[in-house]
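Subject: Handover of a structure and notes on it

Dear colleague,

Please find below the structure that I am handing over to you.

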Amino acid sequence: MRQKIALLVPAYLPTRTHFGTILSRTIPSINNQTKPPDETIFCLNGFFQKDKTIFYDMLSKTCKTKYKILNLGQKASAAIALNKAYQATDPETTHICFLAADDSCDKTKIEKQSEAFLNDTNVDLIATHFNNVTRGKATPCERLGKYLTHYDIARTLPMENIVCGGSVMMKSNVYKKLGGFKVKQKPGEVWDEYDRPMWEDWDLWLRAIKNGYKFKTIDECLYNWHHDIGGHFRDKSKDR
């Protein structure tokens, strides 16, 4: 069966600086993929309404892949935006992947994950390692060479979230069966079922393992986790 890949982009764009970042950093990253997604779905979860028409027009001129725009009309979490974006995917979508609106990824990321799925039909979720990028300087994470197999990921995840959420590509039906991201409790708060601070992506990975789905990680830094927006530094560790 032919793969059909949807890229889901939660886009919190409350200022013109955020607009500039997605247009100058994230959109080129999508356009440069050696294997482009079959569709890209932007879900706006916080938007500077005054410039909406300008942004839509600029996106139509710069994004080279087939895309849809969903506008939630209010501030919402990335998890809510991703769930809404998933609901808008083509019914024939086989795989989904993620990209934050202020991040970027290596041009071979989607292609390498696609090939990895073709080479291992038993795997359900494939992550990659990531670069920390601050003011244009990329530093590889300290996980290279680690957490590559399902066994290593499954035994470590209960203690620590060692999966870079934005890097993951997963089977669409797995996301659907798991019910997507849980959004009833806030990220970083103590969640009742864990009795400790928890985040939506970490919870999703734990539920995937509990339900028997298989992980693997490509041992390359193919996702770029940017710690600035339009050149303005912010501590994104507080987002997790």
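**Helix H7 and the residue after it**

Just after H7, Gly 212 adopts a positive phi of about 90 degrees. Helices here are DSSP runs of H or I with at least four residues, strands are runs of E with at least two, and both are numbered from the N terminus. Helix H7 covers residues 200-210, and nine of its 11 residues are buried, so the rest of the structure largely encloses it. Buried means under 20% relative accessible area, exposed means over 50%, and partly exposed lies in between (1.4 Å probe, protein chains only). The buried residues of H7 are Glu 200, Asp 201, Trp 202, Asp 203, Leu 204, Trp 205, Leu 206, Arg 207 and Ala 208.

**How the model should be read**

This is a predicted model, in which local features need pLDDT of at least 70 and side-chain atom pairs count only at pLDDT 80 or more, while totals for chains, interfaces and linings use all residues. Residues are numbered from 1 along each chain as its sequence is written, and side-chain values use heavy atoms, with hydrogens and water left out.

**The chain as a whole**

The secondary structure of the chain comes to seven helices and 13 strands. Its C-alpha trace spans about 50 × 40 × 35 Å along the principal axes. For 240 residues, a compact globule would have a radius of gyration near 18 Å, and the 17 Å of the chain agrees with this. That radius is taken over C-alpha atoms, and the globule rule is 2.2 Å times the number of residues to the power 0.38. Of the 240 residues in the chain, 51% are buried. Among contacts between residues at least 6 apart in sequence, 76% join residues at least 24 apart; contact means heavy atoms within 4.5 Å.

Phe 19 lies in helix H1 (residues 16-31) and counts as buried at 7% relative accessibility. Leaving aside neighbours within four places in sequence, Phe 19 is in contact with Leu 13, Phe 47, Phe 48, Asp 51 and Phe 55.

Leu 222 is found in strand S11 (residues 215-226), and its relative accessibility of 2% makes it buried. Which residues does Leu 222 touch, not counting those up to four places away in sequence? They are Cys 105, Asp 106, Thr 108, Lys 109, Lys 112, Thr 128 and His 129. The C-alpha atoms of Leu 222 and Gln 113 are separated by 9.9 Å, although these residues are 109 apart along the chain.

**Asp 103**

Asp 103 sits in the loop between S4 and strand S5 (104-105) and is buried, with a relative accessible area of 2%. Its side chain is joined to that of Tyr 223 by a polar contact of 2.9 Å. A polar contact is a pair of N or O atoms within 3.5 Å; within protein, one must be able to donate a hydrogen and the other to accept it, and residues adjacent in sequence count only if both atoms are side-chain atoms. A polar atom of the Asp 103 side chain also lies 2.9 Å from the backbone nitrogen of His 226.

Thr 89 is placed in the loop between H3 and strand S4 (95-98). Is Thr 89 buried or exposed? With a relative accessible area of 12%, Thr 89 is buried. Its side chain reaches the backbone oxygen of Tyr 86 at 2.7 Å.

Both Thr 89 and Tyr 86 belong to the lining of the second largest pocket, together with Gln 87, Asp 90, Pro 91, Thr 93, Ser 172, Asn 173 and Lys 176. Helix H3 (78-87) and helix H6 (172-178) are the elements that give two or more residues to this lining, and H6 gives the most, with three. A pocket is an open set of points on a 1 Å grid over the protein atoms alone, where a 1.4 Å probe fits, with protein on both sides within 12 Å along at least five of seven lines; lining residues have an atom within 4 Å of a point.

Arg 135 has a positive phi of about 50 degrees although it is not a glycine, and it counts as exposed at 62% relative accessibility. Asp 195, likewise not a glycine, has a positive phi of about 55 degrees and is exposed at 65%.

Yours sincerely
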